[in-house]
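Reader: Hey, I'm new to reading protein models. Can you walk me through this one?
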Amino acid sequence: MSTAALHRVEIMHGVNLDQLHRRPAAHYGPLSLPELERVIADFASELGLQARFFHTNAEHEFIEHLHRLEGMADAIVVNPGAWAHTSRAIRDALEIANLPTVEVHLSDIKNREEWRRHSVIEELCVTSVSGKGPDGYREALQRIARELGT
Ligand code: DQA
């Protein structure tokens with residue numbers, strides 16, 4: 001049996017994602033956030049990654065969590081919700097965290113309203129995945145696994 005430590009991936013969900021079960025299923029699918037997190041945990045363990053989950057609706061808590069990740073995580077998968085389109089403060093905190101990061105959106109943000117098409121964090125991310133529902137997180141974790149050499 002391998003004694004190598006598993007790579008730790010922080011899965012971060014931002015504003016309004018705790019209300020997924022009350023949002024338009026046509027965009028976001030039928031899963032609640034706890035259900036989505038269980039699906040993501042399964043994807044991670046299939047890939048030999050250790051997933052840890054964080055959600056908040058408070059921008060400062062999201063930023064402070066990013067500040068605390070040093071030494072606690074090897075990579076980040078982030079769905080910031082609407083903060084992806086607006087929060088330069090979260091963009092800067094991601095830069096400070098300085099970890100390989102993949103951005104995920106359940107819905108296809110490039111083919112929705114104009115204001116959703118731009119992500120202020122995209123330039124810092126290894127890649128961005130959108131419009132693939134929960135499977136987008138599998139793709140993100142596969143990319144992280146490659147990035148970390150798992
Ligand atoms: C979202 C897309 C955002 O535009 C939106 O504000 C969300 C969810 C997604 O997962 O598709 O809250 O990040």
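Predicted model: local features only at pLDDT ≥ 70, side-chain atom pairs only at ≥ 80, totals over all residues.

Reader: OK, and how do S3 and S4 pair?
Author: S3 and S4 run in the parallel sense, paired over 3 bridges.

Reader: What order do the strands of the sheet come in?
Author: The order is S2-S1-S3-S4-S5, which makes an open sheet of 5 strands with parallel pairing. S2 and S5 each have a single partner strand because they stand at the edges, so one side of each has no neighbour in the sheet. From one strand to the next, the twist averages 20 degrees.

Reader: Switching to helices: where does H2 lie?
Author: H2 lies across S1 and S2, and its direction is at about 160 degrees to S2.

Reader: And H6, what span should it have?
Author: Helix H6 covers residues 135–148, so its 14 residues at 1.5 Å a residue should span 20 Å. The end C-alpha atoms are 20 Å apart, which agrees.

Reader: Which residues of H6 are buried?
Author: Those are Gly 136, Tyr 137, Ala 140, Leu 141, Ile 144 and Ala 145. As background, an α-helix has 3.6 residues a turn, so residues three or four places apart point the same way.

Reader: Last one: which residue follows H6?
Author: Gly 149 does, and its phi is positive, near 70 degrees.

Notes: Residues numbered from 1 in each chain as written. Heavy atoms only, no water. Helix = DSSP H or I, 4+ residues; strand = E, 2+ residues; numbered from the N terminus. Expected span 1.5 Å × (residues − 1). Buried < 20%, exposed > 50% of the residue type's maximum accessible area, 1.4 Å probe, protein only. Pairing = 2+ DSSP bridges. Axes fitted to C-alpha atoms, helices over the stretch in contact; angles between N-to-C directions. Contact = heavy atoms within 4.5 Å.
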